[in-house]
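Here is a short briefing to read beside the sequence and the 3D view. It goes topic by topic.

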Amino acid sequence: MAPQAACVHEGGGVERRAAHHERERQRRRREAAGCSTEPAAEEATDVEAVSAADVLAGVEESGPNYALPTAREGQRERRERLRVDETAKQAGHTIVETGTHVEILGEQGLWWPATIAGREEDVDGRLVHEVEYDGYQGEQYWHMLDDEQWRRATAMPTPADGTNAAASTEGEESGG
């Protein structure tokens, strides 16, 4: 079994890094063949000089190009989760799995897309769900879904050009 990576690279930086590695392989081949180590004229035009400030601004805008792997659930955490779920099930509370995409109706009559990030038992014994709204990564909110109007988010159709269709982060008008 291969060792697990410390993080998984994703985003636009992955393609740029792969292109850089390919240019370096070509340079090493030219060097080994005794040719000039300078890239050919058509290859030289593919490289664009960018200031560090521009790179940092891009990272700040789009976030890093890696995602840390999620830790495996330990036996103690699993038992606690199953205990909380069973208590909630017996009490008739709503249980939504972590990672489920939902939409929650806001006070303005707008449906806000979100992802269930976790759940736990509140001090009064009721089940509360940790929600991370789309477009607001890193900001978690706690909801008792039994007290909220919510729905499972439907899959967005993929456009013909192959890009991912993203749900609006501004909320949508309620249908009723």
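How many aromatic pairs does a search of the whole structure find? The search finds one. Keep in mind that this is a predicted model. The points below centre on strand β5, residues 127–133.

**Burial of β5**
- Seven of the seven residues of β5 are buried, so the strand is largely enclosed by the rest of the structure.
- In a regular strand, side chains alternate between the two faces of the sheet.
- L127, H129, V131 and Y133 point one way from β5.
- V128, E130 and E132 point the other way.

**Pairing with β4**
- Strand β4 covers residues 110–121 and runs antiparallel to β5.
- Seven bridges join β4 and β5.
- Across this pairing, E120 stands opposite V128 in β5.
- β4 and β5 form a hairpin, with five residues between the strands.
- G125 sits in that turn and has a positive phi of about 90 degrees.

**Pairing with β6**
- Strand β6 covers residues 140–143 and also runs antiparallel to β5.
- Four bridges join β5 and β6.

**A charge over a ring**
- R151 lies over the face of W111.
- The distance from the ring centre of W111 is 3.9 Å.

Notes. Residues numbered from 1 in each chain as written. Predicted model: local features only at pLDDT ≥ 70, side-chain atom pairs only at ≥ 80, totals over all residues. Heavy atoms only, no water. Phe/Tyr/Trp six-rings, centres within 6.5 Å; stacked < 30°, edge-to-face > 60°. Lys NZ or Arg CZ within 6 Å of the ring centre and 35° of its normal. Buried < 20%, exposed > 50% of the residue type's maximum accessible area, 1.4 Å probe, protein only. Helix = DSSP H or I, 4+ residues; strand = E, 2+ residues; numbered from the N terminus. Pairing = 2+ DSSP bridges.
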